[in-house]
Amino acid sequence: MLSRARICQTSRQSARFIAQLSSVNIPKQITNEPVKPFGLTDTKDWDLLRASLMKFKSSSLEVPLVINGERRYYNDQTKRGFFAQTNPAHHQQVLATVTQATRGDVKDAIQAAKDAKKKWLEMPFYDRAAVFLRAADLLSTKYRYDMLAATMLGQGKNVYQAEIDCITELSDFFRFNVKYAHELYSQQPLESSPGVWNKAEYRPLEGFVYAVTPFNFTAIAANLVGAPALMGNTVVWKPSQTAALSNYLLLTVLEEAGLPKGVVNFVPGNPVEVTEEVLSDKDFAALHFTGSTAVFKQLYGSIQQGVVNDVYRDYPRIVGETGGKNFHLIHPSANLPHAVLSTIRGAFEFQGQKCSATSRVYIPKSRSEEFLKDMAGTLQQHKITPVNTSAGSISGGDLHGFMGPVIHEQSFDKLANAIEEAKKDPELEIVYGGHCDKSTGWFIGPTIIKTTNPNHKFLTTEFFGPILTVYEYPDDQFTQVCQLIDKTSVYGLTGSIFAKDREAIILASETLRYSAGNFYINDKCTGAVVAQQWFGGARMSGTNDKAGSGNILNRFVSVRNVKENFYELTDFKYPSNYE
Ligand SMILES: NC(=O)c1ccc[n+]([C@@H]2O[C@H](COP(=O)([O-])OP(=O)(O)OC[C@H]3O[C@@H](n4cnc5c(N)ncnc54)[C@H](O)[C@@H]3O)[C@@H](O)[C@H]2O)c1
Ligand SMILES: N[C@@H](CCC=O)C(=O)O
């Protein structure tokens, strides 16, 4: 432990050290983290993963609140309750008891974020950056298997889906954000007239940032918290109840990487209560949200009302990415086997619980029968049943399943009801699947539904599960079907065109310009990679600030322009003011 005198000495030394640096280069090796394949021969990886899965399955953990680095538990003589986070593949198995913040805890978290602000914003960029670079390295090495296990068990992912989320995408966000921040800071006024020096100072926002994070991607939670924090902001973080285990592990890794106390304050709890406390604070400076459109709209409205009622000092920044009703448009010229396999992945991997998941397909009449037969045949042939889930068991072949459970009972019931509704609706026909089983976990089988109504609710509503709706269009009405897709849904997140015909690709790309913030040509509409496909959609899908790009960082700074003048005036008049 360093003594107070020693700390002062150390900080004086570090100030002298800083004074010698005008700028630093960031590490050169910032590139996408490779995905570990977990193939048949990768026995060492499987063994390490099994050990981590076993660890999390064999004991229920306690997830505390973390306020100014201090742990607060539900059973420490207070009135705090807890939420039992269960394994969605085995709903009787409690993975973690998650402490629920009281209103008082939220107030403390806000205060902690305010108190930590000055030191954090004054910390040099490369020190803040080092925390995130170190965290990315810890996650992709020492904590890789624990993080995979926490995400697989808690959020119902198979190993591949967990790997591309909580390891690769997460490390990519932390590392590329450092690169983007470095680039942003180096953007400076292009001109300084003789005798003048102009500078742009990228101040963090005045106040604190509120991060409200979804269950489905540990990486998204990391970015919602990490992006503002990297830019010198302090954060109050309300995680999703059903992702609390992996999210808490993430916070502990950030702490091990050197994140100072109070920079991120973790307050799982009743979302309405936590949010009410946060949005009534004068220093609330920004919302960084990912989740459903309905919740985002509500928060957007509350913040606007707060502005009207003079609650805040600033106009809070509102950054939100929300739902989608993402399409695969298949042209008569498409390579059909490729479109089939891409659609199976897009619609059914991670049980369709990606905001980007394919949930509507437009297929020309001439190729519809072949498409549906191939879809069903492939699903059948590879036994893509939802019961044999990787998250369900850690023994034997069960780890190798393609699909797992949906997240919770509420989601199961919503999807099962939609399938029941489809069975009764004369405009809908279930052409594959429709199986639901909640006896041990929340399992919904991959389901394909055909509709005759181009405006059917199944083509407009986000179900957030493995339900795919297909509409057949006449081959000679490709232009009209592009217009139809554009108008059918309120969302604008992702979409794909499958075609060999270049003119068809151009027509689709132009007609669907605003229908998708991420538009794919001959690829599935999921799986954006940080720094490669900048992610986000407009319309009711969000503010489209593009996670995975440098754009998002702009939303968490408030630029100050500094002009310094080296000359002194000798007269107030200009040359044209002669008498
Ligand atoms: N566009 C994207 O980048 C993106 C990425 C992932 C998920 N999503 C969307 O997220 C949704 C699925 O995630 P989810 O089920 O976690 O979403 P959700 O909206 O239920 O929850 C998201 C977060 O909001 C909180 N929340 C819920 N109700 C609230 C309220 N009344 N006030 C304040 N906070 C509240 C939750 O506790 C959670 O932390 C889908 O709609 C999906 O499309 C979008
Ligand atoms: N970035 C992910 C989507 C995350 C949404 O849930 C993808 O592109 O599939």
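A residue is buried if 20 or more other C-beta atoms lie within 10 Å of its own, exposed if 12 or fewer, and partly exposed in between, with C-beta atoms placed from the backbone. Keep that in mind for today's structure. This is a predicted model: local features need pLDDT of at least 70, side-chain atom pairs count only at pLDDT 80 or more, and totals for chains, interfaces and linings use all residues. Residues are numbered from 1 along each chain as its sequence is written, while chains are lettered from A and ligands numbered from 1 in the order in which they are written.

Start with strand E8, residues 235-238. Both of its faces are covered. Val235 and Trp237 are buried on one side, Val236 and Lys238 on the other. In a regular strand, side chains alternate between the two faces of the sheet. Who sits beside E8? Strand E7, residues 208-212, runs parallel to E8 and is joined to it by four bridges. Tyr210 has Val236 as its bridge partner in E8.

Now the whole protein. It has 16 helices and 23 strands. Those are DSSP runs, numbered from the N terminus: helices are H or I, at least four residues, and strands are E, at least two. Of the 579 residues, 49% are buried. The C-alpha trace spans about 85 × 70 × 50 Å along its principal axes.

Next, contacts. Two residues are in contact if their C-beta atoms, placed from the backbone, lie within 7 Å. Take the contacts with a separation of 6 or more: 76% of them join residues 24 or more positions apart.

On to the seven-stranded sheet. The sheet is open, its pairing is mixed, and its order is E14-E17-E18-E13-E12-E20-E21. Two strands pair if DSSP finds at least two bridges between them. Which strands are at the edges? Strand E14 (428-432) and strand E21 (518-521), each pairing on one side only. Neighbouring strands are turned by 20° against each other on average, direction ignored. Inside the sheet, E12 (residues 326-330) and E13 (residues 358-364) run parallel, joined by four bridges. Leu329 has Tyr362 of E13 as its bridge partner.

Two helices pack on this sheet. Helix H11 (residues 336-348) touches E12, E13, E18 and E20, and its direction makes about 160° with that of E13. Helix H12 (residues 365-381) touches E12, E13, E14, E17 and E18, at about 135° to the direction of E13. For these angles, axes are lines fitted to C-alpha atoms, for helices over the stretch in contact, and angles run from 0 to 180 degrees between N-to-C directions.

There is also an open sheet of three strands, E1-E5-E4, with mixed pairing. E1 (61-63) and E4 (82-87) stand at the edges with a single partner strand each, so one side of each has no neighbour in the sheet. The twist averages 40° from one strand to the next. E1 pairs with E5 (residues 90-99) in the parallel sense over three bridges. Val63 stands opposite Val98 in E5.

Last, a helix pair. The axes of H5 (residues 144-155) and H8 (residues 244-256) come within 8 Å and cross at roughly 155°.
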